[in-house]
Amino acid sequence: MTSIAAAHFPTHPPASQPQQQASLLLPDSVLRQAVMLPAGEDLNEWIAANLTDFYNQVNLIYGSVTQFCTPESCPTMSAGPKFDYLWSDTALFKKPIRLSAPEYIDTLLSSVQTALDDDTLFPTKPSMPFPKHFMVTVKTIFKRLFRVYAHMWHAHFATVVVLGEEAHFWTSFRHFVLFVKEFGLVERKEFAPMDSVIDFL
């Protein structure tokens, strides 16, 4: 039997995979209800709580393939041949820089954790207001989290299948897309690398 480490994984997942997994997903009504702003809930608090949840989900899902996502196998942060992503921020890389996929994702996850730990951005007390730039910041984070899903779909989905994580991946991704569409957190053009999948799901 071929081990996971020795197996050869194609660079793009089989086109039929979303259809094969559709029966394993949570019902549409369940996820749509899950993303809706509860009555009386503050919008910023709702987005902050869900962002924390999606961050943890992406961390967990990507964690299952980290040994296969290396600077050698993934020298750029890409989602197929047409989409390469550069990294920039106000602390480490003020000018956009090309990083390998694992470097990009590690930097992203570390920066999100730093943001979540910053109580001036994500207030921990009811008396503390959300900053004026809160929505701008979370939109950037959601955009970059989408890129992790897109990279995994294009570069590592065969590994996800071998590991038996595809149902988890699809449920998490579908929940993510419904949530960001509900609140306009990711621009439509960003979905291009996974348009066909999103249309089906």
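Is H156 buried or exposed? Select H156 to begin: with a relative accessibility of 3%, H156 is buried, a word used here for residues under 20% relative accessible area, while exposed means over 50% and partly exposed lies in between (1.4 Å probe, protein chains only). The model on the screen is predicted, so local features need pLDDT of at least 70 and side-chain atom pairs count only at pLDDT 80 or more, whereas totals for chains, interfaces and linings use all residues. Residues are numbered from 1 along each chain as its sequence is written, and side-chain values use heavy atoms, with hydrogens and water left out.

Keep H156 selected and display helix α5, where H156 lies. Helices (H or I, at least four residues) and strands (E, at least two) are DSSP runs, numbered from the N terminus. Next, show the residues around H156. Setting aside residues up to four places away in sequence, H156 touches V65, F68, C69, C74 and H151, where contact means heavy atoms within 4.5 Å. The side chains of H156 and H151 also make a polar contact of 3.2 Å. A polar contact is a pair of N or O atoms within 3.5 Å; within protein, one must be able to donate a hydrogen and the other to accept it, and residues adjacent in sequence count only if both atoms are side-chain atoms.

Move to C74, in the loop between α3 and β1 (77-78). C74 is buried, at 5% relative accessible area. Apart from neighbours within four places in sequence, C74 is in contact with C69, S100, A101, P102, H151, A155 and H156.

Strand β1 contains S78. S78 counts as buried at 17% relative accessibility. Beyond four places in sequence, S78 touches F83, D84 and H151.

**Second stop: Q57**

Select Q57 in helix α3. Q57 is buried, with a relative accessible area of 14%. The side chains of Q57 and S172 are joined by a polar contact of 2.5 Å. Leaving out residues up to four places away in sequence, Q57 touches Y149, S172 and H175.

A nonpolar core is a set of buried Ala, Val, Leu, Ile, Met, Phe, Trp, Tyr and Cys residues joined through side-chain atoms within 4.5 Å. Select F122, F142, F169, F173, F176, F179 and M194, which touch the most other members of the 59-residue largest core. Two or more residues each come from α2 (28-35), α3 (43-63), α4 (101-116), α5 (134-162), α6 (166-182) and α7 (195-200). The largest share, 13 residues, comes from α5. Centre the view on F176, which touches F54, F142, L145, F146 and Y149, not counting residues up to four places away in sequence.

**Last stop: the largest pocket**

The largest share of the lining, 6 residues, comes from α4.
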